[in-house]
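Subject: the two-chain model

Hi,

Here is the structure I promised to pass on. Have a look at it first, then read my notes below.

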Amino acid sequence: MGNKQTIFTPQQLDAYQDCTFFTRKEILRLFYRYRDLAPQLVPLDYTDKPDVTLPYELIGSMPELKDNPFRQRIAEVFSEHGDGNMTLDDFLDMFSALSEMAPRDLKAYYAFKIYDFNNDDYICKSDLEKTVNKLTRNELTPEEVSLVCDKVIYEADADNDGKLSLEDFQHMIIRAPDFL
Amino acid sequence: KDKEGDDRKEEDSCSQQNISSKRKNYQRKNSDGKRAGKEGSRQREGGKKAPTKDQKESENKEKKTTRKGKEGENKQKKDRKNSISSASSNSSDEDSLSEEELAMLMEQVEQKKKLISTMRNKPWRMVKKLSVLREAQGFVEKFEGALGKGKGKKLYAYKMMMAKKWVKFKRDFDNFKTQCIPWEMKIKEVESHFGSSVASYFIFLRWMYGVNLVLFGLIFGLVIIPEVLMGMPYGSMPRKTVPRAEQATAMDFSVLWDFEGYIKYSALFYGYYNNQRTIGWLKYRLPMAYFMVGISVFGYSLMVVIRSMARNANESTADGDDNNFVFSWKMFTSWDYLIGNPETADNKFASITTSFKESIVDEQESNKDENIHLRRFLRVLANVLIICCLCGSGYLIYFVVKRSQTFSKMQNVGWYERNEVEIVMSLLGMFCPPLFETIAALENYHPRIGLKWQLGRIFALFLGNLYTFLLALMDDVNEKLAEEDVVKNITHWTLLVHHNSSMGNDSTATPPPLDPADMPRGPCWETTVGIEFVRLTVSDILVTYITILVGDFIRACFVRFVNYCWCWDLEAGFPSYAEFDISGNVLGLIFNQGMIWMGSFYAPGLVGINVLRLLTSMYFQCWAVMSSNVPHERVFKASKSNNFYMGLLLLILFLSLLPVAYTIMSLPPSFDCGPFSGKKRMYEVIQETIELDFPLFVAKIFSYVANPGLIIPAILLMVLAIYYLNAVAKAYQRANAELKKKMQMQREEEKNKRNNKASTNPMLQDLEDLLTPSTRSESHPKQTEDKKTESPNRTSPVGKQGKAAVPDGSPMTGGRGAAFTLPPHVFVTQPPALGVRAPYPGQPRPRGHPLGPVRASGRGQPRY
């Protein structure tokens, strides 16, 4: 225990607990996960907030994300500069939002961000096409893809601007039985 | 590639801009807050001089910013603004007001506190969260002490301190609690390999283990331990001694394996307990405790199951009954974010692709009839086949049970004849589910629905088996009861004879007591029932483990190693590896739990066996699933609420409650074994306790309460309450559906308007453009005048703006406007019963479609 205490000060730990959905143990565990990605880069002492960023290649190779078709988007959304490189804070943020304790609203917000490939605050048709192609590994024909995208927009677009805004998206996704 | 790179750059800069603008906005807000705080403190120091001018200025500025500011969190800002403005107006009205200032400050502190507690729900960057958190905490720290005055101050400070301590304690306790949850990593590992549906089984298993642990604690701590420590020792009385005839073989393994011999006469079974009212120096009322524990096992289980069901029901939203969003859901929620295994991911990709293709085909040929007819026919056929299977298995069990009754009368029957019932039941449980699964392939349901059907069918099978078994057991019990009467007389007679003979031999001394082993005794049907349940449980455990070992492990080994020298590919071809059988395992668990509940009254040790079983099966199955199973071909997610499992559990809990309640209420307990011997009915132990141990008036109250004249109205009242609540729930549901429908209509109408607009003649558009400035200029003074009255009106100008802006080709402005208009479903609150939306003011569009045809045409038309 005494060894662990030196990574964060108790104040830091408390602050992190206030800002995420994790308990102390989980935060420490996440820290070790983060550190294991690049032991030579990440110091064992975070009390003075060193400025360390891990490149996307390392983040994307985590087993949690390795097989996820949206791993790049996830990393981009949660990283501070949108380039997929993450500090420990971003890392904690990401896992906090993806954890099962996070409320659906928050999840919906981040899911929207993730599916919004071109960062224009709307999910437009090109975003949808990218999503479908990622989900099916390009196994649908372009006609099928565009049909699916049209259907999605038809179903979920409540204000008829031809693209999904955050409200549309939340409205649609909150009642999905599969949305964890 | 280059282009993409450019895009990316652009996006980056865009997002950075976004972020920075947000941050700016946010900082502004912060500074507002700080200023407010400072003002508050200054006011307090300065006392009477209220800096009204300054405040008004700031107020104005804020108004402007709120009007201009289009990024998020303006609700909070408004709140703050409101509080400030109200405070300032107050301060300009009157002059003293330290109280109001205090109240204001208090409000702010509360707000900050709320912010702290909801910090984790904010979609901000961690850096921002941390800084905001620090700031808010600092604010709270600073001003908390200043609140309250005089006597109240100390109390307030104390209260705050306690609150802080409480929060800290709660957090530590939470930390502790998460550390106590076992097998978290194991389950996560399984989850990442097999998707969340398989993991849901293990989570259920863990939950079950927890419940059983509590039951075990109850029974072990309140019944078994007191009896062992304080009760009469083994051999002191007939019910605690192995009879003379059995003593020679009582320690043989084969006898012990059948739970006869020494085990039968141990504290594991009902018969061992004595009917002494109190035992030991503690005067522990064991029969009473036995009865109460038996009841509270059911009570606790019911409570836990129902509570977790209610919690799940709260968490889960609509069950996806409306099929408005088929494609959207498929697109956005079909990936299981918990998958972390390439093979599973491959399967998942394949299944998503097929599901997309399927729904495309469905969409294209939704009115093709033969397909549906064929499917319907197949489904009916499958159901008929399965019902036949169920009837067959029911008859088989009935037949076997009848046969076993004749066997039990015969002497020297073989091992097979003795265990025929168990063997047949286990075999049925082993072979029927795969058969059902094969039949269910005809039906072609979505795997999650298919799983539910499968679960329901196997459940029916198990239930039928269980109840046939119970009926046979009942027959047995009735026979034993008849036998008991005879034995009772014999016992009396033996005692009498013994007495007389000893009297005859030696008339002076008291007769030497008869050795307890020689005493003739009744069949003690409770112990028999308990033994049956224990045997069934143990054989069930064995069958489950052997099935896993043979069906999964050996098969996997065979496939893996024989594949090198075989003529076809074993891994891809026929035997291949086994999939994890979720439905069978879940049901096995539930069914097993039902037996535990039923049997624990007659065999208190049964719960201990079950705890061991769950513990070992957690490790064993985790190992088996990781070592020798492959992910499902159609990987699917378990929906978050596993209320279906819980529902089954509740059903079986209720069904297992019935026979136990029946025996307690209406069968006489055995006369020479168990804690209730000598009483007419088991529940008399309560009456006895009340009469002897409580003051008289309690007995009186109890007799009044137990009066049917009081119970029947109470039941009636409950029924009425249920009826009323049900009606209310239905009404809410209907209102909900109505609202949903209205929303839908609204959308359709909106869509149509848009479609029509694209094709309207330019005349109208021109007219509209002419009219917009006037409406705008009208709305402007309004805005500046009064914020609150403006808000209901606001939708119209902004909506108009958005519309007017679209032809200009700048979707951003339109979009921004749209983002801040109230979303269209807000309109639902207006009664759209007219079927025609009232046109916007100044919008010359008298086209009022009746709804029906509009909706029909909306589908066919191009949408943009």
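A word on terms before anything else: a helix here is a DSSP run of H or I with at least four residues, and a strand is a run of E with at least two. With that in hand, take residues 207-229 of chain B: the span is 100% helix and 0% strand, and its end C-alpha atoms lie 31 Å apart. Please keep in mind that this is a predicted model.

That span is one of those that UniProt lists, in an unreviewed entry, as "transmembrane region" in chain B; the others in the record are 288-306, 380-401, 421-442, 454-474, 601-623, 644-665 and 701-725. I also looked at 380-401 of chain B, which comes out as 100% helix and 0% strand, with 32 Å between the end C-alpha atoms.

Chain B overall

Chain B has 26 helices and two strands. Of its 864 residues, 40% count as buried. The accessible surface is about 48,200 Å², and carbon and sulfur atoms hold 63% of that. Counting contacts in chain B with a separation of 6 or more, 77% are between residues 24 or more positions apart.

The cores

Which residues touch the most other members of the largest nonpolar core? They are Phe202(B), Phe204(B), Phe533(B) and Ile590(B), in a core of 99 residues. Helix H7 of chain B (residues 184-230) supplies the largest share of this core, with 16 residues. Leaving aside residues up to four places away in sequence, Ile590(B) touches Phe204(B), Phe459(B), Tyr645(B), Leu648(B), Leu649(B) and Ile652(B). Another core lies apart from this one; it has 81 residues, and Val52(A), Leu130(B), Ile352(B) and Ile360(B) are among them.

A helix pair worth a look

In chain B, the axes of helix H16 (residues 525-562) and helix H18 (residues 606-628) come within 11 Å and cross at roughly 10°. Angles under 35 degrees count as roughly parallel, so H16(B) and H18(B) are roughly parallel to each other. On the H16(B) side the contact includes Phe533(B), Thr537(B), Ile541(B), Tyr545(B), Ile548(B) and Phe553(B), and on the H18(B) side it includes Ile609(B), Arg613(B), Phe620(B), Trp623(B) and Ala624(B).

Chain A

Chain A has eleven helices and zero strands. Buried residues make up 57% of its 180 residues. Its accessible surface comes to about 7,000 Å², with 52% belonging to carbon and sulfur atoms. For contacts in chain A between residues at least 6 apart in sequence, 53% join residues at least 24 apart.

UniProt, again in an unreviewed entry, puts "domain: EF-hand" at residues 103-138 and 144-179 of chain A. Over 103-138 of chain A, the chain is 67% helix and 0% strand, and the end C-alpha atoms are 32 Å apart.

Is Phe21(A) buried or exposed? Phe21(A) sits in the loop between helix H2 (10-19) and helix H3 (24-37) of chain A, yet has a relative accessible area of 12%; buried means under 20%, so Phe21(A) is buried.

Helix H6 of chain A (residues 71-78) is largely enclosed by the rest of the structure, because six of its eight residues are buried. Those buried residues are Arg73(A), Ile74(A), Ala75(A), Glu76(A), Val77(A) and Phe78(A).

Cheers

Notes
Residues numbered from 1 in each chain as written. Chains lettered and ligands numbered in written order. Predicted model: local features only at pLDDT ≥ 70, side-chain atom pairs only at ≥ 80, totals over all residues. Heavy atoms only, no water. Core = buried A, V, L, I, M, F, W, Y, C linked by side-chain atoms within 4.5 Å. Buried < 20%, exposed > 50% of the residue type's maximum accessible area, 1.4 Å probe, protein only. Contact = heavy atoms within 4.5 Å. UniProt positions renumbered as here; feature names shortened; annotations may be inferred. Areas by Shrake-Rupley, 256 points an atom, 1.4 Å probe, with all protein chains shown as cover. Axes fitted to C-alpha atoms, helices over the stretch in contact; angles between N-to-C directions. Parallel < 35°, antiparallel > 145°, perpendicular 65-115°, else oblique.
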